[in-house]
Amino acid sequence: GTKPANYKRVMLKISGEALMGDQNYGLNPPTVARIANEVESVHKMGVEICMVIGGGNIFRGLQGSAQGMERTTADYMGMLATVMNALAMQSALEAKGIHTRVISAIRMDEVAEPYIRRRAVRHLEKKRICIFAAGTGNPYFTTDTAATLRANEMNCEAIFKGTKVDGVYDKDPQKFPDAKRYDIVTYDEVLQKHLGVMDASAIALARDNNLPIIVFSLDEPGGFQGILEGRGTSTRVHD
Ligand code: UDP
């Protein structure tokens, strides 16, 4: 059988771009299904799972405002993009028979549940996967901050940030072959050296609440489960 996990409840944060596959825009259903497989194997271990998915594969507020759109309006468009991604992930998970809830920070009752903390906790206790959508519900924030906020509210033991690379490097490993991976790095080092883990407000919020961030590769099949069982390479950000 599967080795027991070292964690009881976790937050998985992925960027919208992780859902694009080889495309340069939007959603690639086989890629969404592949990520759903990764999540399924962790769900089978009995771990309670929260998810936040970004929206950058569809729309980013900064991109809209650079084109002359009002920033807050553009940010709301970005938040709506995350709802589409959340629904795509819900669909892929439910196709496997996994119970999920999409919980939106912006009310849209026909599409998703509103965010009510105690209700979300109850879903997790019943082993339903909670996909938190629409970011924090506020402009000028990112989904990294939303993931950190919800992880704190849900008492997750850590945030798992799934990326294209297997941890945090001193420079971009896809550009520099001599880039070095950190096994462990402190929040302050991430902030001071501008290491591209998450944005500064998300890092600060994690630091102030002692929430570890584990950066790992989502491209590695079985990678998410392996990291939860203490195998594979990753970087742990903590104090
Ligand atoms: N966004 C926002 N408030 C939030 C979360 C997200 O305004 O709390 C907007 C923001 O415009 C952002 C977009 O939604 O650019 C998509 O989120 P993000 O850039 O974090 O997505 P990712 O890079 O993870 O795909």
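Reply: What follows takes the sheet as the part to examine, and then turns to the ligand shell and to some annotated positions.

The model is predicted, so that local features here need pLDDT of at least 70 and side-chain atom pairs count only at pLDDT 80 or more, whereas totals for chains, interfaces and linings use all residues. Residues are numbered from 1 along each chain as its sequence is written.

The sheet is open and is built from 9 strands in the order β4-β3-β5-β2-β1-β6-β10-β11-β9, with mixed pairing. (Strands are DSSP runs of E with at least two residues, helices are runs of H or I with at least four, and both are numbered from the N terminus; two strands pair if DSSP finds at least two bridges between them.) The edges are held by β4 (113-114) and β9 (184-186), and because each has a single partner strand, one side of each is left without a neighbour in the sheet.

Strand β3 is largely enclosed by the rest of the structure, because 4 of its 5 residues are buried (buried means 20 or more other C-beta atoms within 10 Å of the residue's own, exposed means 12 or fewer, partly exposed lies in between, and C-beta atoms are placed from the backbone).

Helix α5 (143-153) lies across β1, β2, β5 and β6 (158-163). It is largely enclosed by the rest of the structure, because 9 of the 11 residues of α5 are buried; among them are Thr 143, Asp 144, Leu 149 and Arg 150. The cover over these buried residues includes β1, β2, α3, β5, β6 and α7 (200-208). After α5 comes Asn 155, whose phi is positive, near 55 degrees.

Within the sheet, Ile 14 has its place in strand β1 (residues 9-14). It is buried, with 23 other C-beta atoms within 10 Å, and, if residues up to four places away in sequence are set aside, Ile 14 touches Ile 35, Ile 53, Gly 162 and Leu 218 (contact means that two C-beta atoms, placed from the backbone, lie within 7 Å).

Ile 14 is also one of the positions that UniProt, in an unreviewed entry, lists under "binding site", together with Lys 13, Ser 15, Gly 16, Gly 56, Arg 60, Thr 163, Tyr 169 and Asp 172. (Such positions follow the numbering used here, feature names are shortened, and the annotations may be inferred rather than shown by experiment.) These positions are spread over 160 residues of sequence and also in space, with up to 24.9 Å between C-alpha atoms. Whereas Ile 14 is buried, Asp 172 is exposed, with 10 other C-beta atoms within 10 Å, and Asp 172 is found in the loop between β7 (168-169) and β8 (181-182).

Around the ligand there are 24 residues, of which Gly 54, Gly 56, Gly 61, Gly 78 and Gly 135 come nearest (a residue is near a molecule if its C-beta atom, placed from the backbone, lies within 6 Å of it). Helices α2 (61-66), α3 (71-94) and α5 each supply at least two residues of this shell, and α3 gives the most, with 5 residues.

Finally, Asp 239 lies in the segment after β11 (235-238) and is exposed, with 8 other C-beta atoms within 10 Å. Leaving aside its neighbours within four places in sequence, Asp 239 is in contact with Thr 186, Tyr 187 and Asn 210. The C-alpha atoms of Asp 239 and Leu 211 are separated by 9.2 Å, although these residues are 28 residues apart along the chain.

Note on methods
Axes are lines fitted to C-alpha atoms, for helices over the stretch in contact, and angles run from 0 to 180 degrees between N-to-C directions.
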